[in-house]
Amino acid sequence: MAAPHSAPDPADSIQRSLRVLGWLLVLLSPAYAWAVITAPIDRVQGVMQKILYVHPPLAYGAYLGFVVTAVAGGLFLWRQQAVHDQLAIAGAEVGTLFCTLMLITGPIWARGAWGPGNWWVWDPRLTLTLLLWFVYLAYLLLRSFTEGDERAARLASIYGILGVALIPLNYWIIDLAGGRAQHPENIEQGSLGAGMGMPFLVGNLTLFFAFAYLLVLRWRVGLLQNALAEAEAEADRGPQRAA
Amino acid sequence: MTPVRLRGEGVAKRFGRVTALRGIDFEIEPGEAVAILGANGAGKSTLLRIFAGLSRPSEGRFEAIREVGLAEREGGANGSADLARPDLRGAVGYVGHATLLYGELTARENLAFAARLQGADASPARLDGLLAELGLQDFSSRRTGTFSRGMAQRLAIARAIVHEPSVLLLDEPFTGLDAGSAERLSSQLSGLRARGRTLIVVTHDPQRGVELADRALVLDRGLLVAHVARQARPGAEDVPFAAEALQALLARFAQSVGSTGSVGVDSADAGGSGA
Amino acid sequence: MNAAWALLWKDLVTEWRSRDRLVAMVVFSFLVVVVFQFAWPPMEAGEMTRFAPGVLWVTYLFAAVIGLGRTFALELENDAMTALALAPGTRGWLFLGKAGATWVLITAVQAMTAFVFALFFRVDLMTGVVGFATLVAVANVGICSIGTLLSAMSVRSRFREVLLPVLLIPTLIPILTSAVVGTTATLAGEGLPFAALQPLIVIDGVYLILSFLLFDFVLDE
């Protein structure tokens, strides 16, 4: 009979955190929606400016997602426990989601802020996010294209660590190649006028917890799938004569 | 060539769906000759790779202990730093299914490269000596891409021992060899063993296993199910260490469905499975 | 460390005897230059100088991807990868040997490409050639280090020809931007383009160290 082998079963703590996060989101979401709707409309940029309450908060998910992936990958390389690898996958998938949303809302805001024709701007932050998106994509493709579950986990962990070094490196480089930020006004540093602070704060909180919730949820799904696969493999192996 | 003892407790290798090894206990003394038998997919090659320092077990303790008066811990349990593995790799020689040779290089160049890779003496005199030992002295300047399977196999062995390892690991070395080459290989291996090396051979052919080894570990789907030795223990009912008996044993496991009756196999002393 | 030199030597010797990577990279580079030539409207001599750095470095990058793709392909034949994995001691040295051999190869190919490029596009690459050469040498260190690591990672995959570029190109972008900025400077007559060399050296350092340390895990099975 196979003895349980992985690290102490995190199932209970995961269930509990899911419940807590879930309730938090249930409470925060209507507050968020209300705050955004009732926020004052910017004189200059109009309703579009309200993307301020969505786009920057998404950054938590996009960037933290990768950090989680890298750290979980590092743990996997050290301890070889599948549970860490599942966390890495969760980080990558949820992170990609948030990153994609950033890349969609970014241009919408740019268009709103600078008028027609400005769907894309070489703003340092947006450029970095685009690069991050490609790194995410590479990570996911690496996983699908590598044969062998364990090898995929190992190589993905390596790439995750590489990627996380890539981000600050590119930030620095993009900053240096400063000529790219053609626009005098950086999107991210638009000053928060009166009445904008609250929705901004609520937005940050909500999307941060949304990220946490989705991350833990995806992690749980991954762990369950793993457990199922193991049980099936065990059954397939058939009765075995042990000493 | 300092003797190395290999010891494992609950050694397992698994990830998700795939379980190659499930809790194996073993102890291999320096100078022993052990055969690892089992059907395909039993985990034999995986175990050998762990011995070679190519893989880390996902659970359990695996130790390679160098015996130089004081036992120095070389290996480590799952999770501890792999400092030891780099040294373990220097103490073992590995001959796998593939020859590990570069077709564009000559025999001597291949051997020189292997020597330098392993940090061993790569002087032409020594290399030529080694080639002569394996009957390849006439081909030392020929590109290995032109070698026959038997010649390549011999060079692969030369490669594996160029750094004087105390443990020699072979994974199905007799595959693809004709009877003559197989005989030659068998005697070569016995010769190598005679010099005090530990020999561990993975094979699915019990005949060869019995020829080369004193005992055998029998694996089935990742578990150590039988531990058969030439030396029968008093009172225990052992499977005779003979090819036919082993063949029957393997066949029984290949059929796989629940044989609950005792086969009279001496599995008690190795601690059998880890489950 | 001896092993690193052994590997470097082995790679260069095998490359010299079969010339397969060299030929592939040279032919590909020439083709890319020719394609660009056809893609651009006819220009006066010197007019291309503004675009030259970008075009040249794109060509370099793609050729490097081709060359790097083959780095470990040879090792798969007869499973020589396992032989590398069996080497005792720190595996990072093996990585250095491999990366070094690729550096020699890529630099040679790039020199030839530059020559053809200057000829076709009638751009005077001799202005600031010392600065340009330094730039190329330094940039290649970064390209070869991360490229060798990623090549080892993608080599066992069925999709390695697609996988390597996908993994590699995002990591090469910072090198690309700095190199182009530097080349623009050297073509304008500047001596050593420090503004570009500085970030390149930092990138090289980061990539070298990370690849050296992580290579151990790539060779595991």
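Biologist: What makes a residue of chain A count as buried, and what share of the 243 residues does?

Modeller: In this predicted model, a residue is called buried because 20 or more other C-beta atoms lie within 10 Å of its own. By that test, 40% of the 243 residues of chain A count as buried.

Biologist: Which kinds of element does chain A have, helices or strands?

Modeller: Chain A has six helices and zero strands. Reading from the N terminus, the order is α-α-α-α-α-α. As for its contacts with a separation of 6 or more, 81% join residues 24 or more positions apart.

Biologist: Let's move to chain C. How do you know that the span of helix H7 of chain C agrees with what it should be?

Modeller: Helix H7 of chain C covers residues 129–154, and at 1.5 Å a residue its 26 residues should span 38 Å. The end C-alpha atoms are 35 Å apart, so the two values agree.

Biologist: And why is H7(C) said to be largely enclosed by the rest of the structure?

Modeller: Because 20 of its 26 residues are buried.

Biologist: What makes B:Leu111 stand out in the largest nonpolar core?

Modeller: That core has 212 residues, and B:Leu111 is among the four that touch the most other members, along with B:Ile36, B:Leu169 and B:Ile200. The helix that gives the most to this core is H3 of chain A (residues 82–114), with 13 residues. Leaving aside neighbours within four places in sequence, B:Leu111 is in contact with B:Leu127, B:Leu130, B:Leu131, B:Ala158, B:Arg159 and B:Val162.

Biologist: How do the axes of H3 and H6 of chain C cross?

Modeller: The axes of H3(C) (residues 52–69) and H6(C) (residues 92–121) come within 10 Å and cross at roughly 145 degrees. The crossing is right-handed. Among the residues making the contact are C:Leu56, C:Tyr60 and C:Ala64 of H3(C), and C:Leu105, C:Val109 and C:Phe117 of H6(C).

Biologist: What kinds of residue make up that contact of H3(C) with H6(C)?

Modeller: The residues divide into 12 nonpolar, five polar and no charged.

Biologist: Last one: where does the side of chain A that touches chain C come from?

Modeller: The contact takes 23 residues from chain A and 23 from chain C. On the side of chain A, the elements giving two or more residues are helix H4 (124–145) and helix H5 (149–176). H5(A) supplies the largest share, 12 residues. By kind, this side of chain A divides into 19 nonpolar, two polar and two charged residues.

Technical notes. Residues are numbered from 1 along each chain as its sequence is written. Chains are lettered from A and ligands numbered from 1 in the order in which they are written. This is a predicted model: local features need pLDDT of at least 70, side-chain atom pairs count only at pLDDT 80 or more; totals for chains, interfaces and linings use all residues. Axes are lines fitted to C-alpha atoms, for helices over the stretch in contact, and angles run from 0 to 180 degrees between N-to-C directions. Helices (H or I, at least four residues) and strands (E, at least two) are DSSP runs, numbered from the N terminus. A crossing is left-handed if the near helix is turned anticlockwise from the far one by less than a right angle, and right-handed if clockwise. Two residues are in contact if their C-beta atoms, placed from the backbone, lie within 7 Å. Ala, Val, Leu, Ile, Met, Phe, Trp, Tyr, Cys and Pro count as nonpolar, Asp, Glu, Lys and Arg as charged, and the others, Gly among them, as polar. The expected span of a helix is 1.5 Å times one less than its number of residues. A residue is buried if 20 or more other C-beta atoms lie within 10 Å of its own, exposed if 12 or fewer, and partly exposed in between; C-beta atoms are placed from the backbone. A nonpolar core is a set of buried Ala, Val, Leu, Ile, Met, Phe, Trp, Tyr and Cys residues joined through C-beta atoms within 7 Å.
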